[in-house]
Every structure is written in structure tokens, then in C-alpha cells.
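I opened the model to go through its sheets, its strands and its domains. My notes follow in the order I looked things up.

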Amino acid sequence: MSTAPRFRKVQTFETDYAPTTITQYVSERTGMQVIVADRKGPKINGYFTLATEIFDDSGAPHTLEHLVFMGSKNYQYKGLLDKLAGRAYSGTNAWTAVDHTAYTLETAGWDGFAQILPVYLEHVILPTLTDDACVTEVHHIDGEGNDAGVVYSEMQAIQYSSQELMDLRARRLLYPENVGFRYETGGMMDALRVLTPDRIREFHKAMYQPQNLAVIIVGEANHENLLEILDKFEVSIKDDIPPPNPNFKRPFVDSPQPPPLKETVVETVEFPEEDESTGEIVVAFFGPSCVDQLQATALNILLTYLCGSSVSVIENTIVEKEELASSVSFWWDTRPNSVIWFQPTGVATEKLAFVEERLISLLKEVVSKPLDMEYMKECISRELRQIKYHAEGSEQFYSSNIITDYLFGKRDGSTLRELQTLGEYDVLASWEEQQWRDFLKKWISDAPHVSILGKPSMELAKKLKKTEKERLAKRREELGEEGLKALKEKVEKAKQNNEKPIPPEVLDQWPVPDTSSIHFIESLTARSGKARCLGTTDNSTQKIIDAAPQGAKPLFIQFEDVPTNFVHLTLHVGTSATPNRLKPLLPLFADNFFNSPVMRNGKRMEFEDVVKQLEKDTISYHLSSASRIGDNEGMALQFQVDLDKYTTMISWLRTLMFDIVFDPVRLKAAVVKALADIPEAKRDGRVMSREVDQSIHLLPESYSVAKRTLVKAVYYRRLKKLLEKEPETVVSWFEELRRSLFTFENLRVLVTAHVEKLPNPIAAWDSFTEIPDLDTSKDLLPVVRPHQMLSDEGKAPGSFGSVIIPMTTLDSSFSVSTASGIKSYSDPRLPAYLVALSYLETTEGPLWNAVRGNGLAYGVHFSRESDSGYIQFHVYRSPDASKAIEASRNMVAKIASGEEPLDKHLVEGAISGLVLAVADEQATMTAAAQQNFVSNVIRGQEPGWNKKLLARIREVTGDQIREALREIVLPVFEPGKSNVVVTCAPIMEENMVKNLEAIGYKTQVQPLTHFYDDYGLKADEDEEEEEEEEEDEDDDHHHHHGCGSECESECGSECDSDEDMSD
């Protein structure tokens, strides 16, 4: 490096609550900031963040988030960045918020990160921004006269959702026109239709300058190498960017600030929805500045106090006692004038105004009565424990705090420095009741607010559809055949220009990085009790466990030893011994598990006290499906506690598992909540297509099948009636359920901790195992593997054919195709199969180009539990799922036959993607520990299995990939060997039937209700009539093609449709 350092070190400090060092640099040349949070682990996460402010709804900020990936000055190829990243154990992504745009790079190992960094930054600062890219990525009119384009379609899917309509109206009321927070930075459809490439370039020029860019890195970074790379990068761009502007105005900070609200405004906003029974509410207050650490932390604690759990006053009153909403969520936007939001969901439409008033009167009540200072102190210490826990386990803790500081903090680093300690908690612990009361009054109870009542409207749904139809018809008429033809050619030409193939020699300039810079976290395994059957390893941890006092009963315990400051407990509970007729109760059981009274020392302890005490003794607790630990058929009970609460936690387990009191009042509250959430789940095309697929291919004994919404819809309605008539019957069912779960032969324990610091690791469990119910003479029940739950159709798919389910809430289609797949992790074809799927799915790879590139779907992917016995292909948000299936099949067939040769760079990318996935599973100490448990205990793999698999993956040949495609993957597209479930807009039904028949599938059209299952819980005769009426309402739109309202259905991320019960 040249003698004068280009980067000045502003500061470096260690956080005193987690092993992380934060260093801040600033470029003397351009003003670019570099902030590194060093922490150990295999993954490096980069967030290249720009403060972006705009005063319109054009969506220019959002369009850049897509256009940046289309090529840059020296790398003028679409997809080059992703292909490069794909080979360097990396993934790229980006998001647009109202106040910033962040480009992310996550990599396993520094070498890969260092290789991609300069190329990525050039894409951000010097993108090509061609007219052609704007055509395909932003908006165009296709040859049929429809609006299309990646950004346009993304916004089209959410613009009329209740959430978007309500949020936007609230912002219009909170902010005047000269404040950027007022606008939809994603872009409104009418504005996107007229947005020009020049306007986008202008916005880029104004905001995308090094002096408005922070390079934020979390992970093990090589500082010297980093500064060298950035130095070279700055030299390479200096002639293409304007010199730093000494009068540069910082977005939002140097802009006009919003005036305080003068008065309260309550408005009703209608959203398109066919089910008019429930609506939503949002209430917004202005809050303190996010840069004022003390005020911001006080706000966090106050919101937890008001709304953070089932015992906090708002949740307890509005959800639990008065049953006015299914939940009340809260959050606050970190801004110079923060915004505090409360959101009651699942509110009966006729009660919207009443519930909004009730919430406000409740907030005033709280401030008029004495505050529960003991609970407030609990909230402070709990919040503090959770911060420490997140700082140890999640890199997002640092990235989000650093991003906020870059956007709004002081440029001299003084506000960033406040991350060093958590001193503000000590200050707040000394606040008197009056200080809290004043704070609550100032920002919430006495402050004016903006409330939006979201009201569902069938009328609006019809009107929107009609207007859109008319607009498109008028346009087609104006354009005429010639005009449409010209537009089609324009799009084709733009696509051709965008998709210039990347010459192999361009990619070959970058070698595939070595994996030696990926520092995997090692967790040492030790076993006691029945766990010893799996074998023990001769290591220091096992020696500690062998030397410790042994337990009275040989409980199955696996210890994982990592240098964490906490104890992480997972108790795996199988459901194979649970009677089938009770399995639909499991989600309610989970929801009530921590929210029920218990017997303690012979006295009944009410649920509020249970929750308060649990919050005092733990960092978090959870009971949900064990899918998070690799078992869809079990349940996982999880606790995180401080080291000194190890024995306390064990005694809680005993109390909750064996001394719980099933209280009809609590059970009813859980059923009412669950019923309120059903309409929303039934509107989701993705979730419904999966639920129908499960009911065809899995046995009813399967937990995944029993907890479907389509089971709850009937079972819970009847259960609610039964609870009113014969509460004791229902209580006895829950008792029976509990006894079937908590038996000695059904429990496997994982304890992750710094084992040498653990007091009495094994014998501490004696207080738990002394329960007479735990009979140790029985052998452990085997962990059920997914292929054991296949129905006859699931074992040999193909005879069912296809089913099309029209849903009025959809305006696109979703599908799941299922065929037979690999049953065992020891299948010799597994490495080739994993590489083949990874190859097909690579970003900018064959399926991406065949499907997303041609606008046939927002996405397609395979699901790949490698011992499930099936392979599945999912189409996500498609204008016609059958076409997406067809295009994918043709693509896979070409590669499998060798007609389309394998691209060696993509194969390298596929292998590298699998390495990144392994690093992902082991990104933190606790994740690495959990992965050992999943591998040995749940999946029965030998130690070091992942490493061996990675070695075998590197040896996979082209012929093996093609063979895996022919033998395992292609059948998922073949009629007779696969079944297909499609959910779609009613208007698409006829076409879908026709297309699937043409491909060769048997077809049937069914309503969702056809896949209901009551698990033997029958209704009385008078109830049956009522239910039939309700179900007719569900189905009456069924055969009127294309007249039902298809309101926007917003996509969620991949989630487990389980009732997750957590703190």
C-alpha cells in the first residue's frame, strides 16, 4: 500500500456483553465508511448500505435494488455477479426499506468474500442501468397488452393487501409531502408504469456515492486485506464518479423533520377481501429519536411491559380476557422521530371501531393506575438477558444496530460507541414509577395518534377487478394488433440484449476459492444414560460427564460443549404413541403449554403467575413442531437460560410436563384464537397447495397432516361447541394427550452449554426423573422418519393424477408435484442428487432462466428431505403453473439427455452452494451443537457425516448428475409417476384443466372443503346443518368461472405452519 493510509481508523472497541470487536474506518479519499464487527464462525456477512431518500412513489429506490445485478461498467453481463458468488461459497441479496437500500453478501470463509467484494461494489456504484434492463426488470407491456416486469409484478402482488393499504394511509397522515417517510419506495403501480430509465439514473447519481455508502461486515474479517481491496476499488472508480461534495446533505438527517401530530385521526380503509368477517387495525404514535439510546431502550421495555406476552396488560385484556382480537402485535420504526405501532389482528369487522377505542382507553387506564413496578423491573432484566443472548447468537443484532447508526447517528462515531456497553439498562433500573409514567404519558397515553381501521370489502374486490379489466381492454384497443406486436418485439429484443452469454474465459479469471478459510465451529459431544447406546467418543467433555455424579435413572441426554454463556435445552418428544383422534389437539396443547395454571407445592398457580415466573427464570422458551431439529413428526420443547438457572429450568420442566392444569377457560381462549387465524391461512395459495398435497401422500397419523388448517377448520369448530357442553370431556382428552407424550421412552434431551461450568450436569435431572410415571424399563421409541409416514399413494405416486383447487382469494397459481424419491441418507446416489438439484436451482441457472426469466412464475424449487422417500417440485406465484411445470420439465429433460451440456461454472456453483448450506446450518455455536444432535440422534448418521458428504460431493461427475436427473428428478414431471396439486384463481380453472390433461394427467376440480378431515370428531345434527351453511358459504363461488373476487394474497417466507408457542 502507498505510504499515506487512505483509510483512517476512527475507533475500535470490544463490546462488553459478547465476544465481538467493532472497528470503524473512514476513507480520506471518498468519505466511504467501513464498519467491521469481528466475531468467530464460518460465515462472513456483508451489508453494503446506502441511505436512500425520495419524495415520490415512483419506486426508483426499489428498481435499483434489481437493476444493480444486471451488470456494471467492467462486467457487462447479467448474472455475472451471481454466478461468481455462486462459485465462491456466497449468496447475494438485497432489500429496499423506506430509508435505506442494503445489498448483502453472505459467504462461508474470508477468501470467497474478498474475491466477490470489489466486483459487487462496482455493481453498486457503477451499474450499467441500460434501457433494456429497465424494460424487463422494472415495467413493460407484453404482447398481450398486460403489464409485466419484475418490480411491477412484485408490487402488484402487495399493493392491494390490507397491510399495504393501511400502512400507506397511515404514513400519508403522519408525514407531510416534504418528508421521505411518506412515500412507497417500492413503487406504486401507476407510478411504475410511467417511470423512465433517466429518472432512475438521476436517483442513482444523487444517492449512490461512496460518501453515502457504508460497507458493514460481520464475521472474521482480515482487516489488512479488506483495506487493500477497498483502496484498489476506490482508485478504479475515481474517474467515473464526481469528487465528494463537501455540502452533501445526509438523507433524512439534514432534511425537514415531520411536525408533531396536532390531533388524533381515525380513518377506515377498505381492502379487497371476499371473507368480510374479520378486519385489522393499526395505531401509530410518534416516539423518541432512535439515536437517543436511553429513550429508545426505555421504549423497548415499555412496549414489552404493555404488550410483550400473554400476561402484559394489553395482550391479557384484549386477547385473553375480552377476546376482542387474536393477537396484538407491536413494533417501532427506528427513525429520528420513531413511530410506535400497535396492531390488533383478527378483529370482528363490526367491532373494529370499538376495539380501537378499547385499546386507547386501556392505554389511558394503565397510566391512571399504579404501574406494576416489580413486573417493570422483570421486563428490564429480561430484555437485558435477551440482548446478551442475541448478541451471542445472531449476527443481525450487530448489522441492524450498525445500519441504524449509519443512517441516523453522528458521523464522528460517538453514537456507534454506545454499542460498547449496555449501561442504559442500569440507568432505567433506577427509574422511579413517576419517570415511567411521564414517559408513557408523553409518547403514548396523552399523545395524539393515527388509527387506521382495515375493513374487508367484497365490493371493492369486484370494483378493482372491473376497473383493471376495463383499463387493459381500453389499452389493447388503443394499441391495436400492430402496437401489441411492436411491444412484443421490444420485450423480446430487450431480453436478448440482457441475456448475452458470459464467455467461460471471463469467469475463469477468478479461481474457485479454497475452503481452508472457512472456520467451522467444532462442538464436542458427550452422552449419558440411554444416549450411550449411540456410542461415546473419547474426548475431554465425555470425561467430565463420566466423572460427574450419575443420575438415578438413565435419562437420554446428549451434551454438546461450546463456549456459550447460556444453557440451551432441547427436549425431543415423539408423537408416535399419541392416539390419532387426539393429534389435531397438538397445536392447541403447544399453545397452552406455557399459558396454563399448574400445581406447585400442592397449590394452584394461575397462568399469569406461571408466565411471569417463567419470564423471570428464562431467556426464552418454546414448544413447537420438531421440524426445526429435523423431525416433522415430533415436538421440540426448548429453553434458553442463564448458567445458574440450570436446576431451576429442570424443575420447571417437571412442573409443566406433569403438574399442568388444563383449564376450560384457557382452552377456550386458545381455540378462539386458533379459529380467528383460520380465514387468513385459508387465503394462502401456497400453504393450501401443500396441505392438500400432504393429505394425499401422508397418513393421517402424521403430525404434519393432523395440524393442517383444513383439519382445524372443522375439528376446532366442533371442539369449541364441545367445550361449552362437556368441558370435562375435552379436559380428559388433553390429559390423555399429555400422558401419551411425556413417557420415559419418548424423551431425548439435548443440553448445549460450556459443560465444565455446568453444576452437576446429570444428577440435577433426578428431581425430574423421580416422577413415578417415568418407567425406565422400556426401550426408547425410535424416532419416526418421514418415509414411514407415506400413505399408499405416497409410497408410489402417480395413480391419483392431478387436482385443481380454485380459490377466490388468489390472482395467480401455486403447485406441488410429488414423485418417489430417496429414502435413506446412505443411498449412494445422494451426493449426485444434491448436486443435480443445486445445479437446477442456482440463481440465473437453467430453471431460473426457463421459468422466472420468461415470467412463468416468481419462483420454482425442489424440496429435499433426503430420507423422506419423495421428491417435490413447487411452483410459486405463477400466471399459469401448468406452463411453469412444462417449461421446467423440458429444461430438465434436455440436461438429463445431454442435449444441453452441463455448464462447468454452474456445477462449481452448485457444489459451492452446498458448502454454504452446511456453513449456514452451523453458523453459530448453538447451531453447530444442534446440528450434531440432528445428525446423530434424529437422522442416525455417523459422526462427521457432513464433512464426508462434502468430500463426496466434490467428486460427483457429469454422468452421475445426468443419471440422478433421469432416475430421481424427471419422474416428478411425468404423469403416471407423479401427482400434482394446483391452487389457482377461479378464472384460471378451465385452462389449467386443459393444460394438465394435455400433458397427460388425470384431472379433477375440488373445493378446499373436499380435503377437510375431522379426525372422527363428529358434529351433532343441529350443528351439522349450521356447518353445512357455513361451508356452502365457503364454496358457493366454486363454479362461477371468473366472477369471484380474487384479492391480492401476499406471500410469506417459507414457514412451518405450526402454532409456534414461544415467549
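I counted two strands as paired if DSSP finds at least two bridges between them. Strands (E, at least two residues) and helices (H or I, at least four) are DSSP runs, numbered from the N terminus. This is a predicted model, so I noted its limits: local features need pLDDT of at least 70, side-chain atom pairs count only at pLDDT 80 or more, and totals for chains, interfaces and linings use all residues. Residues are numbered from 1 along each chain as its sequence is written, and side-chain values use heavy atoms, with hydrogens and water left out.

**Entry 1: the seven-stranded sheet**

I traced an open sheet of seven strands in the order β1-β2-β3-β9-β4-β6-β5, with mixed pairing. Its edge strands are β1 (7-14) and β5 (90-96), each pairing on one side only. From one strand to the next the twist averages 15 degrees. I took axes as lines fitted to C-alpha atoms, for helices over the stretch in contact; angles run from 0 to 180 degrees between N-to-C directions.

Threonine 12 sits opposite threonine 23 of β2.

β5 and β6 are antiparallel and share seven bridges. They make a hairpin with three residues between the strands. Threonine 96 faces threonine 101 in β6.

On its other pairing, I found β6 joined to β4 (residues 43-51) by nine bridges, again antiparallel. Asparagine 45 has glutamate 106 of β6 as its bridge partner. I also checked cover: eight of the nine residues of β6 (100-108) are buried. Buried means under 20% relative accessible area, exposed over 50%, partly exposed in between (1.4 Å probe, protein chains only).

**Entry 2: strand β15**

Why is β15 (residues 450-457) largely enclosed by the rest of the structure? Seven of its eight residues are buried, so the rest of the structure largely encloses it. I looked up two pairings. β10 (residues 265-272) runs parallel to β15 over eight bridges, and phenylalanine 271 stands opposite proline 456. β11 (residues 278-286) runs antiparallel to β15 over five bridges, and valine 282 has isoleucine 452 as bridge partner.

**Entry 3: the six-stranded sheet**

I found another open, mixed sheet, of six strands, ordered β26-β27-β25-β28-β24-β29. Inside it, β25 (residues 813-820) and β27 (residues 870-878) are antiparallel over seven bridges. Serine 817 lies opposite phenylalanine 873 in β27. Helix α30 (residues 830-841) packs on this sheet and touches β26 and β27; its direction makes about 170 degrees with that of β26. I called it contact when heavy atoms came within 4.5 Å.

**Entry 4: annotation and domains**

The unreviewed UniProt entry annotates residues 454-722 as "domain: Peptidase M16C associated". That span is 50% helix and 16% strand, and its end C-alpha atoms are 33 Å apart. Such annotations may be inferred rather than shown by experiment.

The domain assignment, automatic or from a database, gives domain 1 (522-783) and domain 2 (786-1009). Their centres over C-alpha atoms are 31 Å apart. The contact takes 43 residues from domain 1 and 37 residues from domain 2. Together they bury about 3200 Å², 69% of it on carbon and sulfur atoms. I took buried area as the accessible area (1.4 Å probe) that two parts lose on being put together, summed over both.
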